[in-house]
2 protein chains.
Amino acid sequence: MLKKTYRFTNASTDYYFAGSISNLKNIADQKNTVIITDEHVFTAHQKKFKNWNTIVLKPGEEFKVQATVDSVIVQLIEMGADRTTMLVGVGGGVITDLTGYIASIYLRGIHFGFVPTTLLALVDASIGGKNGIDVGVYKNMVGCIRQPKFILQDASFLVTLPDPEWKNGFAEIIKHAAIKDAALFRQLEENSLNVYQKRKQLVGQLIQRNAILKTKVVQADEFEQGDRKLLNFGHTLGHALENQYSLLHGEAVAIGMAFAAKLSEQFSSFKQADRVINLVEKYGLPVSASYDKDKVFTVLQSDKKREANVMNFVLLKSVGKASVQKIPLEQIYNYI
Amino acid sequence: MLKKTYRFTNASTDYYFAGSISNLKNIADQKNTVIITDEHVFTAHQKKFKNWNTIVLKPGEEFKVQATVDSVIVQLIEMGADRTTMLVGVGGGVITDLTGYIASIYLRGIHFGFVPTTLLALVDASIGGKNGIDVGVYKNMVGCIRQPKFILQDASFLVTLPDPEWKNGFAEIIKHAAIKDAALFRQLEENSLNVYQKRKQLVGQLIQRNAILKTKVVQADEFEQGDRKLLNFGHTLGHALENQYSLLHGEAVAIGMAFAAKLSEQFSSFKQADRVINLVEKYGLPVSASYDKDKVFTVLQSDKKREANVMNFVLLKSVGKASVQKIPLEQIYNYI
């Protein structure tokens with residue numbers, strides 16, 4: 001296990017790379033910690049939760065809503081959770097988003113940490129302090145930015161990870177490569193999902209590289225005034241599709257990246273949309289979908305990145321380099 | 001109008017003393033602002049809201065709950081509120097608490113400002129960035145600490161303020177005097193509610209003195225690690241009583257201060273509980289109530305200031321000087 005501490009604007013976060021959840025008792029006080037997880041993770045790894053106070057939620061994005069927050073808060077009150085209590089989210093992005101959000105508002109904020117159990121959560125969702133919930137079809141409409149005290153990475157959870165969840169994670173890994181890391185992009189082109197799934201050490205390196213890549217972007221711009229916006233590559237159309245068509249987050253982002261790559265050829269100097277689309281397809285992710293254009297556009301207009309009649313859209317300049325451009329909403333409407 | 005800017009940990013707040021809501025259009029962009037107010041304020045001052053997008057809520061502490069937050073968020077989405085939208089809370093403490101909370105979580109945080117319309121909001125609730133909602137009988141169980149961009153004080157709203165609301169405000173003014181300002185305490189002893197209500201200039205000075213007193217406490221300790229805790233004087237028993245017996249906040253705090261003053265004679269060196277009790281009574285506030293001891297104690301145990309079996313209780317050392325002491329819950333039970 002390798003411990004590294006990263007400093008953010010108001011707080012610092014301890015990262016434990018290549019760790020194990022069995023170390024959790026050395027990081028969090030067992031008596032004063034409440035674990036939040038979901039039924040999938042709890043059932044598959046029951047032993048790991050022995051002796052921990054645990055709240056088990058129903059799994060899935062459809063439960064990343066206020067009703068779940070309400071029920072957890074009532075349970076925390078009943079358990080007597082106070083300002084010294086630590087919440088630990090053990091799960092995928094839904095669990096880390098919910099745990100971070102609940103910890104940010106309960107008693108006006110208590111400490112929290114994460115044990116991400118999916119590839120997507122390991123490389124993306126657990127990192128950077130963004131948390132929150134969906135409101136109807138609108139993704140992450142409500143939330144905060146607040147950093148966890150620690151992120152404990154334990155790749156042993158990946159052993160039980162279903163295939164679609166692996167692909168889900170690779171969508172964000174491809175995103176990182178596309179916007180920031182041309183060498184990683186080439187590595188992904190040379191390997192395949194199957195290679196990473198079989199080679200433990202290689203996937204360990206991949207996770208650490210992506211976690212650090214995202215962390216550095218967040219450190220430089222925690223409150224998304226500049227460079228952090230690039231992490232939204234593929235997420236504008238992606239979010240508009242996701243909850244309407246019950247796609248996995250990675251699938252929606254994959255379609256969004258294919259769209260944004262083509263848009264980059266129109267509005268930026270980008271010439272390699274096909275290369276992005278091929279890589280997305282190589283990792284078993286979709287690059288298009290049939291959807292109701294007007295319904296999707298309506299949701300897209302409520303994206304957090306909209307300002308009046310323009311959308312701040314992330315476009316590629318080249319593989320490994322991205323920028324934000326203001327595109328009028330009507331132009332976007334024409335292209336979707 | 002006097003403008004003063006106070007710096008907090010992550011943000012600064014512009015205070016406009018002796019201002020007028022007619023100046024709001026110079027502070028906030030009318031097209032991109034949503035005012036949140038309640039039916040009482042809106043009905044009594046309808047003209048002041050002309051040309052502003054306004055959400056009008058039902059008045060009263062019983063609406064400081066998640067259901068209200070949910071409904072405002074849906075309205076903001078429908079209005080197309082984006083990251084550049086500013087929320088302005090025009091009202092008493094319930095409105096400023098709700099507005100600050102909603103602005104803190106909508107789209108992970110948008111800007112907000114306050115126009116406090118009650119004496120209590122002017123001297124206390126609008127200041128310091130604490131916001132939030134109640135959960136069942138538990139006061140402010142959920143919320144954030146985030147500073148407004150501005151606080152615009154307009155004492156003309158006090159013209160329509162009902163008498164009980166004046167008393168409500170004086171509870172917090174007496175609190176400030178008791179914990180931090182012996183000279184103010186003497187001034188309050190020499191004057192009366194009636195004197196302040198009649199003398200506009202005197203009440204203006206009183207508001208400014210109290211607003212600055214609280215601001216300086218918050219500046220020194222925004223996240224309540226030390227001195228800010230003193231502002232909870234009277235609020236431990238107060239909060240436990242408030243929602244169970246539908247007392248006004250000031251009434252509950254008044255009873256809480258009388259209790260804390262007596263407790264200070266037991267557990268601290270304080271000798272002047274009677275002086276505190278007399279001043280509270282002079283301003284028309286209650287110093288005792290009949291209540292169900294066990295029910296109140298149950299709620300009190302969920303106070304944010306509890307840590308395991310002890311309560312961090314604010315006690316007086318002398319008039320104008322307070323400190324936090326850990327008192328075992330069982331001892332508190334014996335005294336209530």
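Reader: Across the interface of chain B and chain A, how many residue pairs are in polar contact?

Author: Eleven, with both residues at pLDDT 80 or more. A polar contact is a pair of N or O atoms within 3.5 Å; within protein, one must be able to donate a hydrogen and the other to accept it, and residues adjacent in sequence count only if both atoms are side-chain atoms. This is a predicted model: local features need pLDDT of at least 70, side-chain atom pairs count only at pLDDT 80 or more, and totals for chains, interfaces and linings use all residues. Residues are numbered from 1 along each chain as its sequence is written, chains are lettered from A and ligands numbered from 1 in the order in which they are written, and side-chain values use heavy atoms, with hydrogens and water left out.

Reader: How many salt bridges between chain B and chain A?

Author: Four. One of them joins the side chains of B:Asp82 and A:Arg306, at 3.8 Å from N to O. The rule: a side-chain nitrogen of Lys or Arg within 4 Å of a carboxyl oxygen of Asp or Glu.

Reader: New topic. What is the strand order in the seven-stranded sheet of chain A?

Author: S1-S2-S9-S6-S5-S3-S4, an open sheet with mixed pairing. Two strands pair if DSSP finds at least two bridges between them.

Reader: Why is one side of S1 and of S4 left without a neighbour?

Author: Strand S1 (2–7) and strand S4 (53–57) of chain A are at the edges, so each has a single partner strand. On average, neighbouring strands of this sheet are turned by 20° against each other, direction ignored.

Reader: How does S1(A) join S2?

Author: Through six bridges to strand S2 (residues 12–17) of chain A, running antiparallel. A:Tyr6 is opposite A:Thr13 in S2(A).

Reader: Which strands does helix H9 of chain A touch?

Author: S1 and S2 of chain A. Helix H9 (residues 200–220) packs on the sheet with its direction at about 15° to that of S1(A). Axes are lines fitted to C-alpha atoms, for helices over the stretch in contact, and angles run from 0 to 180 degrees between N-to-C directions.

Reader: And where does H11(A) lie?

Author: Across S11 and S12 of chain A. Helix H11 (residues 249–267) runs at about 85° to S11(A). Those strands belong to an open sheet of three, S10-S11-S12, with antiparallel pairing.

Reader: Back to chain B. Which residue has a positive phi in the turn between S11(B) and S12(B)?

Author: B:Gly320, at about 95°. Two residues lie between the strands of that hairpin. S11(B) and strand S12 (residues 321–328) pair antiparallel over eight bridges, and B:Val314 is opposite B:Val324.

Conventions
Helix = DSSP H or I, 4+ residues; strand = E, 2+ residues; numbered from the N terminus. Contact = heavy atoms within 4.5 Å.
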